[in-house]
Amino acid sequence: MALGLDELLDTSGFVPHGVCLLWRPDILALHVASDMLIGLSYFSIPVALTYFVMRRRDVEFGWMALLFALFIIACGSTHFLMVWTLWSPDYVLEGLVKAVTALASLGTAAALWWLMPRLLALPSPKQLEATNRALEQEITIRRQMEMRYSSFFNNLAEALFIVQVLPDGDFAYEAINPALARATGLDPERLRDRRVRDALAPEAAASVISRYVACRDGGESIDYEETLDLPVGQRVFHTMLVPVKDAAGRVVQILGSGRDVTERKRLQAEVVQTSKLATLGTLAAGMAHEMSQPLNVIRLWTENMLSRLRDNLLEPQRAERSLTLVIEQTDRMAKLIDHVRTFGRRDGGGMQAFTPARCVQSAVELVRHQYALEDIEIIESATSAQLPVTGRPLELEQVILNLFSNARDAIIALRATDREAGRIMVAVSDDRDGQNVAIQVTDDGGGIDPSVLPQIFDPFFTTKEVGKGSGLGLSIGYGIIDGMGGRIDARNVDLEGGRRGVRFTITLPSQPVSSSDRELSHA
Amino acid sequence: MPDPLHILIAEDEVLAAMALEDFLSLKGFRVTVAANGAEALERYGREQVHALVTDLRMPRMDGQTLIREIRDRDAALPVVVMTGYLTEDSDLKHERWKPLEILSKPVNPRIICETLHRMLGLPLEA
Ligand SMILES: Nc1ncnc2c1ncn2[C@@H]1O[C@H](COP(=O)(O)OP(=O)(O)O)[C@@H](O)[C@H]1O
Ligand SMILES: [Mg+2]
C-alpha cells in the first residue's frame, strides 16, 4: 500500500495532505473520523430521499429531491476523497469530484430559487389541516342535510318521485319513495334508472307520460287527478308535477308528488249516493202516488170497456179511445220507472252536454203533482233557455229537486205560523253574451235568517229537526255545481203582496272545458 | 123506475174520474165529479148525495178532511175511500168513521159498485 502511495506521489510530485498535518495522529484521527462520518451521512441521505420520493409518488417536485440526492452524493464523495488524499495526493481526482459537486450544487441552488414561488404557494401541513377540518365540518353538515332530506323523502306519507328527462326527451325514474312504493305496489329498486315506458304497464305508462310531456313542454307545474291501474289495483291519485330546469331553461328533471285520493273519492261518491237515496226516499211516497195513478186509470178504463163489451155497449170509437188512453198511461209509467232507475244509479250517467232547461222541466214534472196536493204551486217562467252546459243531467236535477224540497219545507213551516205561502217560481235564462245559463228557484217560504245564511252550504248544517233534515242537500248541491264550473248562491227576496222568501241562483258556464281533462294549471 | 141514487166522486185525476163516472152511470147511478175535497164539500152542501167515493190525496182539501167535514153533518153517509197508501188509512179504519170502506188503488170499479150496492142496501146485480 505504502508503495502504491509513493508511486502516485512520485508520478504527480504532490505530497499527501497528511504531511500538512504533520502526520499528527490526533489531528489525522479527527479529520478522518469527521470526513468519514460526513461522507457516510451524506450517502445515507439520498437513500432516504429516494425512498421517500418512491413511496410518496404524490409529492410535488419529486425530481427536486432527486437533484438534492445527486448533489449530496457528490458532497459525500468529496469528503471520502478528503480522507483519501490525507495519504494519497490524488488532488486531480479530488478536484474533478469537487467540480462535479459544484455543478450539482449550482444546479440544485438555481432550481431551488427558480422553484421558490411555487414552493411557497404549496399549502403548509397546518393549512392543510385547517382545510381538512373545514371540509370535515362541511361534510358533516351536508350529511345531516342529506339525512334530513332523505328522511323527508323516505318517511313522508306523500308519494314522491323524481323523473329524469333524458337527452332524447324520454323519461326515466330516478327515485321513488317508500310511500309511493307502498301506494302503488311498484318496486323502487326495479324502477331506478329505468325508462318510464319500460317500468310501467303500457296503459299506465302512456297515461303518465302524457302528463310528463305536458310538464316538460309547458315548463310549468301542473296538478291533476288520474286513475291508474296499478299492481295494487285501480287507484285515483291527485298528482302534482314540478319541472326542474337547467341554466339554459331546459327541463331536465320533474319532481312529482301524489296523494292517493281513492278513499276520499269513494266516500264522496258515497255521500252523494246517500243523499241521492235520501232524496229518493222523500220522493218514494210521491213516486208511489205517481205510479198508482196511471195504474188506477188503466184498471178503471179496462174494466169499463169489459163491462160495456159484455152489455154490448162498446162502440169501436169508444174502444179505440179507451185503448189509446190505456197505452198512454203505460207510457207514463214507463217514464217514471226509467226515472227512478237512473236516479238511483251510482254514477248518475256520464258527463255530457245538455240544456239545463230540460233538467228543470223533468224535476218539476217529478214533484208538481205531489206538491199540488199540498197546495204548493210550481210556476215556470222563461224556460226557453237554449245554451248547453256540461255535466251530469241527473245530478243537476238532484240539485234542483233539493231546492224544491227545501222550498216546500220552508213553505210548510211558514204555514204552521198561520201565514200564507205556497209558490215556487223557477226560471231558466241564457245571459246576453251567451256565456252562462242561470237557473233561479224562488220561494215564498219566509226566507232564511240572515245570521245563518252564510252557513247553509256547510255540510250537516240544518235548522230542521232530527230525522227531517240531513243538512247535506245544499252542500252536495254546491259540490255538484262547483264540479260543473258554476256557482250557486242564495239571498232573501221581497215578493209582491208582502211575501218574503229565498232566491237560489245557479250560474253555469255554457262552454266549460271538457271535464275529464279539467286541470288546474298553476299559472 | 125510481130516481137514481146520487153518487159524489172526489178525485183529482180527471181520467180516473171520467172512467168511474161512466161505469157507475152505466150501473144506474147519477154521478157528480168534484176535482178536490173543497169542491166536493161544496157540491155536498148544495145537493142531496147518497154516497161519497173519494180519493185521499187531493189539492185544496184532502180526503181525510173531507170525510171529517161530512161526518160532522151526516153520521150515516156511506163513504168509499180509494187510496194508494196503507199508512194513510190507519186512522180511517177507526169505528167512528163508519159506514166507510177502504179500497186500494188500482181500484176495480165492479168492486166499488158492489160495495155501494151493499152499503146503500140495494139488491146486488146478477
Ligand atoms: N228555501 C229555503 N228557505 C228557508 N231556509 C232554507 C231554504 N233552503 C235551505 N234553507 C236552510 O238551509 C239549511 C240547509 O239546507 P240543506 O243543506 O238542504 O239541508 P236540510 O234541508 O237537510 O236541512 C236548511 O236546514 C234551512 O235552514
Ligand atoms: Mg234540503
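## Around ligand 1, and out from there

Helix H14 of chain A gives the largest share of the shell around ligand 1, namely four residues. Keep in mind as you look that this is a predicted model.

Let's stay with that shell for a moment. It counts 20 residues, and the closest include A:Asp443, A:Thr462, A:Thr463, A:Lys464 and A:Leu474. By type, the shell splits into nine nonpolar residues, nine polar ones and two charged ones. Which elements of chain A each put in at least two residues? They are helix H14 (393-415), helix H15 (473-483) and strand E12 (500-509).

A nitrogen atom of ligand 1 sits 2.8 Å from an N or O atom in the side chain of A:Asp443. On the oxygen side, one ligand oxygen is 2.4 Å from an N or O atom in the side chain of A:Thr463, and an oxygen of ligand 1 is also found 2.9 Å from an N or O atom of the A:Asn406 side chain. How much of ligand 1 does the protein bury? On its own the ligand exposes 530 Å², and 93% of that is buried by the protein.

Two of the shell's contributors, H14 and H15 of chain A, also pair up with each other. Their axes come within 9 Å and cross at roughly 150 degrees. Angles over 145 degrees count as roughly antiparallel, so that is how H14(A) and H15(A) run relative to each other. The handedness of their crossing is left-handed.

Elsewhere in chain A, take a look at helix H3 (residues 25-55) and helix H4 (residues 62-87). Their axes come within 8 Å, with a crossing angle of roughly 160 degrees, and H3(A) and H4(A) are therefore roughly antiparallel too. H3(A) passes H4(A) in a left-handed crossing. What kinds of residues make up this contact? The tally is 23 nonpolar, seven polar and one charged.

A:Leu22 lies in the loop between helix H2 (17-20) and H3 of chain A, and its phi is near 60 degrees, a positive value in a residue other than glycine.

Chain B has its own backbone details, in the form of cis peptide bonds. One runs from B:Lys98 to B:Pro99, with omega near 0 degrees; B:Pro99 is in the loop between strand E4 (79-83) and strand E5 (100-104) of chain B. Another joins B:Lys105 and B:Pro106, where omega is about 0 degrees. Where is B:Pro106? Look in the loop between E5 and helix H4 (109-119) of chain B.

Key: Residues are numbered from 1 along each chain as its sequence is written. Chains are lettered from A and ligands numbered from 1 in the order in which they are written. This is a predicted model: local features need pLDDT of at least 70, side-chain atom pairs count only at pLDDT 80 or more; totals for chains, interfaces and linings use all residues. Side-chain values use heavy atoms; hydrogens and water are left out. A residue is near a molecule or strand if one of its heavy atoms lies within 4 Å of it. A polar contact is a pair of N or O atoms within 3.5 Å; within protein, one must be able to donate a hydrogen and the other to accept it, and residues adjacent in sequence count only if both atoms are side-chain atoms. Accessible areas come from the Shrake-Rupley method with a 1.4 Å probe; for residues, only the protein chains shown count as cover. Ala, Val, Leu, Ile, Met, Phe, Trp, Tyr, Cys and Pro count as nonpolar, Asp, Glu, Lys and Arg as charged, and the others, Gly among them, as polar. Axes are lines fitted to C-alpha atoms, for helices over the stretch in contact, and angles run from 0 to 180 degrees between N-to-C directions. Angles under 35 degrees count as roughly parallel, over 145 as roughly antiparallel, 65 to 115 as roughly perpendicular and the rest as oblique. A crossing is left-handed if the near helix is turned anticlockwise from the far one by less than a right angle, and right-handed if clockwise.
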